[in-house]
Amino acid sequence: MNKNDDKKSAIKKLRSLAFSTKQEVEIFRRTIDEKFSCAILPNSVECNEQKFAEIPCDMLVPEIYSLNKIMIYIHGGCFVGGSKKAWRSFCASLAAATSCRIVIPEFRLAPENAHPAALEDLQNVFRAVFTEEQIACSLNSEEEQALPEIIIAADGSGASQAMALILSLRERYRNCIKQVILFSPWLNFSANSQIIKNRKSRDEILASECLKRSSEIYANGENLESPLVSPMFISPESLKNFPPVFIQIGSREILLEDAKEFQKILSEAGGVCQLDIWDDMIFMFQMADEFLAESHLAVERVGRLVRLQTEIPDEDTLNCAPTLEHGIKG
């Protein structure tokens, strides 16, 4: 199979992540599980099903991991689909690359459970993970008040839910979030969104109509300009002491301009935001690693970012991607 055939196969697989306006919800969910689930996880990563606050989760444990660090991964799926089963393989690769345990919550989906049901589930999972990790850190550290380091990662529609989660947390919880990692984030569902307004604008995976329909189903009449729905509308005050954000995205995505605008908003508020643009790549190319070498390199780059444990990694260390744009202020 040549490189062009690989790209075509990747596009065909990744299109199943986009909710079509003509598709039934149950078929969409079933297709994602069929396309992305696998029987054997890569890199000898162990998977244990565990409940946090009575919410089913996967706990992925790589062979080597940090005792005081854990990642909560919020999967995409256009708010109406996706599962821990479908994201298990990708997150296993991420766990191995970052040397970090990963929790994947099975949060409630729209339309049966519209906003804020998923956010409530994620809040409950976060608090339960925090409590469990805080106890473990106290046992493993000489410091009585040792606190866990939590990383929030998400992709697509899950990115807006991740941002809503962070915004809704009390300061004592937010202070433990050391990094936010967003893959191809959905950031703006308002009527003023250039993606949604320009119906002819599309890439090989996503169409503007997909974002419009998915967000309407998810919000169920809620204000689409609420920062808990569209992170693009977060106020500068809410971004005070916000954890550093890393956005990884392909250059061929309709989401790219929103990502650049969001980087600008975070930077102007005094935060740290790195925009990692992969040339000629498509929406969630990281989940097509059997076809694209760039998928492995992109995950490896995120792994180095997490293992460095610094807000502004040295660029020479993160040199695998074709383009790395920094938006840093303060």
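Biologist: What kind of model is it, and what is the mean pLDDT of the chain?

Modeller: This is a predicted model. The mean pLDDT of the chain is 91, and 90% of its residues reach 70 or more.

Biologist: Over which residues does pLDDT stay under 50?

Modeller: That applies to residues 320-330. However, where pLDDT is low, predicted coordinates should not be read in detail.

Biologist: How many helices and strands does the chain have?

Modeller: There are ten helices and nine strands. Of the 330 residues in the chain, 57% are buried. Among contacts with a separation of 6 or more, 75% link residues 24 or more positions apart.

Biologist: Turning to helices, where does H3 bend?

Modeller: Helix H3, residues 84-98, bends by about 35° at Phe 90. H3 is also mostly covered, with 13 of its 15 residues buried. After the helix comes Ser 99, which has a positive phi near 55°.

Biologist: How does the span of H10 agree with what 1.5 Å a residue should give?

Modeller: H10 covers residues 293-308, and its 16 residues should span 22 Å at 1.5 Å a residue. The end C-alpha atoms are 23 Å apart, so the two values agree. Its buried residues include Glu 294, Arg 301 and Arg 304, along with Val 299, Val 302 and Leu 305.

Biologist: A change of topic: how many disulfides does the structure hold?

Modeller: It holds zero.

Biologist: Is Cys 91 buried or exposed, and what about Cys 100?

Modeller: Cys 91 counts as buried because its relative accessibility is 0%. Cys 100 is likewise buried, with a relative accessible area of 0%.

Biologist: Where is Cys 57 found?

Modeller: Cys 57 lies in strand S2, residues 55-61. With a relative accessible area of 1%, Cys 57 is therefore buried, the limit being under 20%.

Biologist: Which residues is Cys 57 in contact with, leaving aside neighbours within four places in sequence?

Modeller: Among them are Asn 48, Glu 49, Phe 52, Lys 84, Val 103, Pro 105 and Val 125. As for Ser 83, that residue is 26 residues from Cys 57 in sequence, and their C-alpha atoms are 9.8 Å apart.

How values were computed
Residues are numbered from 1 along each chain as its sequence is written. This is a predicted model: local features need pLDDT of at least 70, side-chain atom pairs count only at pLDDT 80 or more; totals for chains, interfaces and linings use all residues. Side-chain values use heavy atoms; hydrogens and water are left out. Helices (H or I, at least four residues) and strands (E, at least two) are DSSP runs, numbered from the N terminus. The expected span of a helix is 1.5 Å times one less than its number of residues. Buried means under 20% relative accessible area, exposed over 50%, partly exposed in between (1.4 Å probe, protein chains only). Contact means heavy atoms within 4.5 Å. The bend at a residue is the angle between axes fitted to the seven residues ending there and the seven starting there. A disulfide is a pair of cysteine sulfur atoms within 2.5 Å. pLDDT is the predictor's confidence in each residue, from 0 to 100.
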